[in-house]
Amino acid sequence: MIKTCLCVGALALACQFETFAEPRIVSAGGAITETIFALGAGKTLVAVDSAGALQPEAKGLPVIGYSRDLSAEGVLSMNPSLILLNHDAGPPAVVDQLKESGIPLRQFSSVDSAESAIRRIRDIGEAVDRQREAEALVAGIERSLAKIEKRVRSEDARPRVLFIYTRGGGTMNVSGRKTAADAMIALAGGANAVSGYDGYKPLTSEGVVNAAPDVILIPSRGLEQSGGIDELLRQPGLALTPAGRARKVIAMDDVLLLSFGPRFAEAALQLNEQLFPPAKR
């Protein structure tokens, strides 16, 4: 432990004495990295975490690992002038070491609503000195949200949506309240078919039948790994629901749908258009 602290201290000292012509940002959090690129500040990134590395623009950047299992030495070895972390970055001891390094660090709160997503975009814009670009991005988001709201007002009823999270080969979990899925369903004009609990619980036949969803929403990768719609509807109770009988299954990219990143309004609009097809409007 003493050796680790000494190494971290030496790296931090080296960073403090090095001068940078341009900002050198290390980002840990897929939505944070995506927002930095959306604001036109991608050239300031010198390293990203494994989620940020999924962004096409991040190809070739060093990867510092999984955001919840960071190494202080790994982050500081990138000689950052600014460190931006997701709310759940860790372990906590590593985050404390990074804070103690003296290098500017911002850690952003969890995001699961339009309001909190917009606030994070503005906060990131401030952190990377792209306030004007952030406001332009927010303006576009607000236009999309207004479009959705107008469409929803013209509908007589909100479809009941059951969100199932699975990566295939494992337990299927159903979203209750206070989740990103719950917030996105509401934003798109639907109603979460499950309201009796917070968070996620395993799918059960009784619970699914009682939920009586009109639509099943599932990540694209989860649907693919589950074997497609036919195999999905063989799961307990799903074929007995209105959604199952109508084979009404919507598959969307889980990062786009759940991260509440800079494209969250695009995700809500896509979901809205599938919940309320143009022919029915």
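Predicted model: local features only at pLDDT ≥ 70, side-chain atom pairs only at ≥ 80, totals over all residues.

Biologist: Which residue stands opposite Ser27 in β2?

Modeller: Ser27 has Val48 opposite it in β2. Strand β1, residues 25-28, and β2 run parallel and are joined by 3 bridges.

Biologist: Which way do the side chains of β1 point, and are they buried or exposed?

Modeller: Ile25 and Ser27 point one way, Val26 and Ala28 point the other way, and all are buried. In a regular strand the side chains alternate between the two faces of the sheet.

Biologist: In what order do the strands of that sheet come?

Modeller: The order is β2-β1-β3-β4, an open sheet of 4 strands with parallel pairing. β2 (45-48) and β4 (105-107) are the edge strands, each pairing on one side only. On average, neighbouring strands of this sheet are turned by 15 degrees against each other, direction ignored.

Biologist: Which helix lies across β1, β2 and β3?

Modeller: That is helix α2, residues 30-38, and it runs at about 135 degrees to β1.

Biologist: Let us move to β5. Which strands does β5 run parallel to?

Modeller: Strand β5 (residues 160-165) runs parallel to β7, with 2 bridges joining them. β5 also runs parallel to strand β9 (residues 215-219), here with 3 bridges.

Biologist: And in what sense do β5 and β6 pair?

Modeller: β5 and β6, residues 173-175, pair in the antiparallel sense over 2 bridges. Strands of a sheet pair through backbone hydrogen bonds, either parallel or antiparallel.

Biologist: Now α7. How many of its residues are buried?

Modeller: Helix α7, residues 180-187, is mostly covered, with 6 of its 8 residues buried. These are Ala180, Ala181, Asp182, Ala183, Met184 and Ile185. Just after α7 comes Gly189, with a positive phi of about 100 degrees.

Biologist: Where is Asp198, and what is it in contact with?

Modeller: Asp198 sits in the loop between β7 (191-192) and β8 (200-202). Apart from neighbours within four places in sequence, Asp198 is in contact with Arg177 and Lys178.

Biologist: Why does Asp198 count as partly exposed?

Modeller: Because its relative accessibility is 37%, which lies between the 20% limit for buried and the 50% limit for exposed.

Biologist: How far is Asp198 from Ser27?

Modeller: Asp198 and Ser27 are 30 Å apart in space, C-alpha to C-alpha, and 171 residues apart in sequence.

Biologist: Turning to backbone geometry, which peptide bond is cis?

Modeller: The bond from Gly90 to Pro91 is cis, with omega near 5 degrees. Pro91 belongs to the loop between β3 and α4 (92-100). Most residues other than glycine have a negative phi, and most peptide bonds are trans.

Biologist: Which residues other than glycine have a positive phi?

Modeller: Among them are Asn79, with a phi of about 50 degrees, and Asp129, with a phi near 60 degrees. Asn79 is in the loop between α3 (72-76) and β3. Asp129 is placed in the loop between α5 (114-127) and α6 (131-153).

Biologist: Is Asp129 buried or exposed?

Modeller: Asp129 counts as exposed because its relative accessibility is 56%, and the limit is over 50%.

Biologist: Finally, the chain as a whole. How many helices and strands are there?

Modeller: The chain has 13 helices and 10 strands. Its C-alpha trace spans about 65 × 40 × 30 Å along the principal axes, and 47% of its 281 residues are buried. Of the contacts between residues at least 6 apart in sequence, 59% join residues at least 24 apart.

Biologist: What about surface and charge?

Modeller: The accessible surface of the chain is about 13700 Å², and 52% of it belongs to carbon and sulfur atoms. There are 31 positive and 32 negative side chains, with the centres of the two sets 5 Å apart.

Technical notes:
Residues numbered from 1 in each chain as written. Heavy atoms only, no water. Buried < 20%, exposed > 50% of the residue type's maximum accessible area, 1.4 Å probe, protein only. Contact = heavy atoms within 4.5 Å. Areas by Shrake-Rupley, 256 points an atom, 1.4 Å probe, with all protein chains shown as cover. Lys, Arg positive; Asp, Glu negative; His and termini not counted. Charge placed at Lys NZ, Arg CZ, Asp CG, Glu CD. Pairing = 2+ DSSP bridges. Axes fitted to C-alpha atoms, helices over the stretch in contact; angles between N-to-C directions.
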